[in-house]
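Please read the following briefing alongside the sequence and the coordinates. It takes up the overall architecture, then the pairing of strands, and then a few individual residues.

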Amino acid sequence: MAERNIQTLVCSECKRKNYHYQAGKKRADKKKVEVRKFCPSCKKHTLHKESKS
Ligand SMILES: [Zn+2]
């Protein structure tokens with residue numbers, strides 16, 4: 001079907017999937033993205049890692 005590449009950002013502390021976003025078309029980079037984002041579960045900023053949903 002459509003080439004949708006939904007990425008999920010998972011909190012590295014509680015493992016919750018807090019953020020979803022659609023990756024750009026055909027990104028070839030395979031390295032995992034790590035970003036600091038607010039986790040509503042931990043109620044603080046934590047490191048979020050990218051994983052495929
Ligand atoms: Zn968390």
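**Architecture and confidence**

The four strands make up an open sheet with antiparallel pairing, in the order β2-β1-β4-β3. Because β2 (17-22) and β3 (34-39) each have a single partner strand, they stand at the edges of the sheet, and one side of each is left without a neighbour there. Between neighbouring strands of this sheet the average turn is 40°, with direction ignored.

*Confidence of the prediction*

- The mean pLDDT of the protein chain is 86, and 81% of its residues reach 70 or more.
- Among the elements of the chain, the lowest mean pLDDT belongs to β2, at 91, and the highest to β3, at 95.
- Where pLDDT is low, the predicted coordinates should not be read in detail.

*Burial and contacts of the whole chain*

- The protein chain has 53 residues, of which 8% count as buried.
- Of the contacts in the chain with a separation of 6 or more, 52% are accounted for by residues 24 or more positions apart.

*Pairing of β1 with β2*

- Strand β1 (residues 6-11) runs antiparallel to β2, and five bridges join the two.
- Within this pairing, valine 10 has lysine 17 of β2 as its bridge partner.

*Pairing of β3 with β4*

- β3 and strand β4 (residues 44-52) run antiparallel and are joined by six bridges.
- One of the facing pairs brings phenylalanine 38 opposite histidine 45 in β4.
- The two strands β3 and β4 form a hairpin with four residues between them, and in the turn lysine 43 has a positive phi of about 60°.
- Lysine 43, which lies in the loop between β3 and β4, counts as exposed because it has 8 C-beta neighbours inside 10 Å.

*Glutamate 34 in β3*

- Glutamate 34 has its place in strand β3, and since it has 11 C-beta neighbours inside 10 Å it counts as exposed.
- When residues up to four places away in sequence are not counted, glutamate 34 touches Leu47 and Lys49.
- Glutamate 34 and serine 12 are 22 residues apart along the chain, and their C-alpha atoms are separated by 9.5 Å.

*Glycine 24 between β2 and β3*

- Glycine 24 is placed in the loop between β2 and β3, and because it has 7 C-beta neighbours inside 10 Å it counts as exposed.
- From C-alpha to C-alpha, glycine 24 and arginine 4 are 8.8 Å apart in space, while in sequence they are 20 residues apart.

Technical notes:
Residues are numbered from 1 along each chain as its sequence is written. This is a predicted model: local features need pLDDT of at least 70, side-chain atom pairs count only at pLDDT 80 or more; totals for chains, interfaces and linings use all residues. Two strands pair if DSSP finds at least two bridges between them. Axes are lines fitted to C-alpha atoms, for helices over the stretch in contact, and angles run from 0 to 180 degrees between N-to-C directions. A residue is buried if 20 or more other C-beta atoms lie within 10 Å of its own, exposed if 12 or fewer, and partly exposed in between; C-beta atoms are placed from the backbone. Two residues are in contact if their C-beta atoms, placed from the backbone, lie within 7 Å. pLDDT is the predictor's confidence in each residue, from 0 to 100.
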